[in-house]
Amino acid sequence: MPANGPADTLNYFVAGYIVIFVIMAIYLVSLALRRRSLTQDLETLEVIDQEKGKPEPGGFKPRLETKDVPVQNGESRV
Amino acid sequence: MQAQPRVLTILDYASALLLTLATGMVFFYAPTEAVMGLVQKVFYFHTATAWVGMLSFTVSLGAGIAYLRTGNRRWDLVVLASVEIGMVFMLIAIIMGSIWARPIWNTWWTWDPRLTTVTIMELIYAAYLMLRQGIEDPDRRARFGAVYVILGFVSVPLTFFSIRIFRTIHPVVIGGSDPQATGSFDMTARMLQTFLTSLVVFSLIYVDMLWHRIRLGELADKVEQLKLRLS
């Protein structure tokens with residue numbers, strides 16, 4: 001460092017402040033991306049959850065085809 | 001998904017505005033130091049980010065204790081959020097310090113007690129995040145995590161006091177200085193005002209980021225619960 005007047009350290013000063021703003025920006029972007037990804041996941045899972053809970057058309061039990069099955073004593077044989 | 005609270009939005013704007021103000025003070029208000037020149041101004045945000053790092057780890061300690069006492073999963077989210085933010089700010093402080101050290105100490109890095117302890121502290125908290133990744137059961141993960149941050153907190157006071165206990169070249173700006181230290185300086189009134197403003201502004205940014213990170217954790221928790229229910 002020179003004996004008279006402050007040292008010329010402008011480049012280091014600028015580099016230091018670039019570092020802080022770049023790292024903070026990266027972190028904030030990472031937070032935003034993670035939030036977006038989780039929101040999409042949540043929406044997808046909620047759709048799956050709703051579909052799972054919904055009864056199938058015509059009731060829970062599928063109808064059995066009985067037209068070719070002989071009926072004896074009122075009971076169908078499948 | 002819950003809409004962002006109004007207070008949080010106000011906090012976002014206030015943080016951005018105050019960060020601009022603090023940066024303006026560093027660039028235009030604080031005087032240039034007589035020997036080191038402009039690089040001395042790195043000190044304002046270097047100290048403020050290191051302060052936020054240590055504050056974050058202290059909050060994670062409190063949240064870890066609260067989790068073990070209550071078993072409330074919200075405390076686990078606070079631990080995780082605070083550790084993550086603390087690591088980011090401590091990393092900034094380390095890199096800024098290294099940039100300052102190059103013209104002042106004539107080296108980017110030296111295994112000085114402060115630099116060594118801060119590296120160990122950062123690695124301890126990085127290991128916490130890895131530990132979490134390795135445990136699937138949420139309750140077990142929270143319990144292990146809480147115990148880990150309580151034990152890992154030992155590194156925080158060790159780092160803080162390292163420049164006051166050991167012989168070191170790292171300057172102690174507040175509370176006297178070791179004669180071995182290189183890069184010490186006496187603060188003028190304007191320097192002190194800029195320094196204190198930076199501390200307050202970064203503390204506010206920490207609160208803002210912590211709130212956002214906790215909200216993200218809550219969302220992740222909701223997704224995880226739903227996945228477990230559907231599997």
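Two residues are taken to be in contact when their C-beta atoms, placed from the backbone, lie within 7 Å. The exercises below use this cut-off on a predicted model.

**Exercise 1. Describe the make-up and the extent of chain B.**

Step 1. Chain B holds seven helices and zero strands, so that, read from the N terminus on, its elements run α-α-α-α-α-α-α.

Step 2. The C-alpha trace of chain B spans about 65 × 40 × 25 Å along its principal axes.

Step 3. Chain B has 231 residues, of which 40% count as buried.

Step 4. Among the contacts in chain B with a separation of 6 or more, 74% are between residues 24 or more positions apart.

**Exercise 2. Work out how helix H2 and helix H5 of chain B are oriented to each other, and which residues meet.**

Step 1. Helix H2 of chain B covers residues 42-70 and helix H5 of chain B covers residues 138-152; their axes come within 8 Å and cross at roughly 135°.

Step 2. An angle over 145 degrees would count as roughly antiparallel, but the crossing here is at roughly 135°, and H2(B) and H5(B) are therefore oblique to each other.

Step 3. The crossing of H2(B) and H5(B) is left-handed.

Step 4. On the side of H2(B) the meeting residues include B:Ser60, B:Leu61 and B:Gly64, while those of H5(B) include B:Ala142, B:Ala146 and B:Val149.

Step 5. By class, the residues of this contact of H2(B) with H5(B) divide into eight nonpolar, two polar and no charged.

**Exercise 3. Work out how helix H4 of chain B is placed against H5(B), and what classes of residue their contact holds.**

Step 1. Helix H4 of chain B, residues 113-133, packs with H5(B) at an angle of about 170°, and their axes are 10 Å apart.

Step 2. Because angles over 145 degrees count as roughly antiparallel, H4(B) is roughly antiparallel to H5(B).

Step 3. Residues of H4(B) including B:Tyr125, B:Tyr128 and B:Arg132 meet residues of H5(B), among them B:Arg141, B:Phe144 and B:Tyr148.

Step 4. The residues of the contact of H4(B) with H5(B) comprise seven nonpolar, two polar and two charged.

How values were computed: Residues numbered from 1 in each chain as written. Chains lettered and ligands numbered in written order. Predicted model: local features only at pLDDT ≥ 70, side-chain atom pairs only at ≥ 80, totals over all residues. Helix = DSSP H or I, 4+ residues; strand = E, 2+ residues; numbered from the N terminus. Buried ≥ 20, exposed ≤ 12 C-beta atoms within 10 Å, placed from the backbone. Axes fitted to C-alpha atoms, helices over the stretch in contact; angles between N-to-C directions. Parallel < 35°, antiparallel > 145°, perpendicular 65-115°, else oblique. Left-handed = near helix turned anticlockwise from the far one by under 90°. Nonpolar A, V, L, I, M, F, W, Y, C, P; charged D, E, K, R; others polar.
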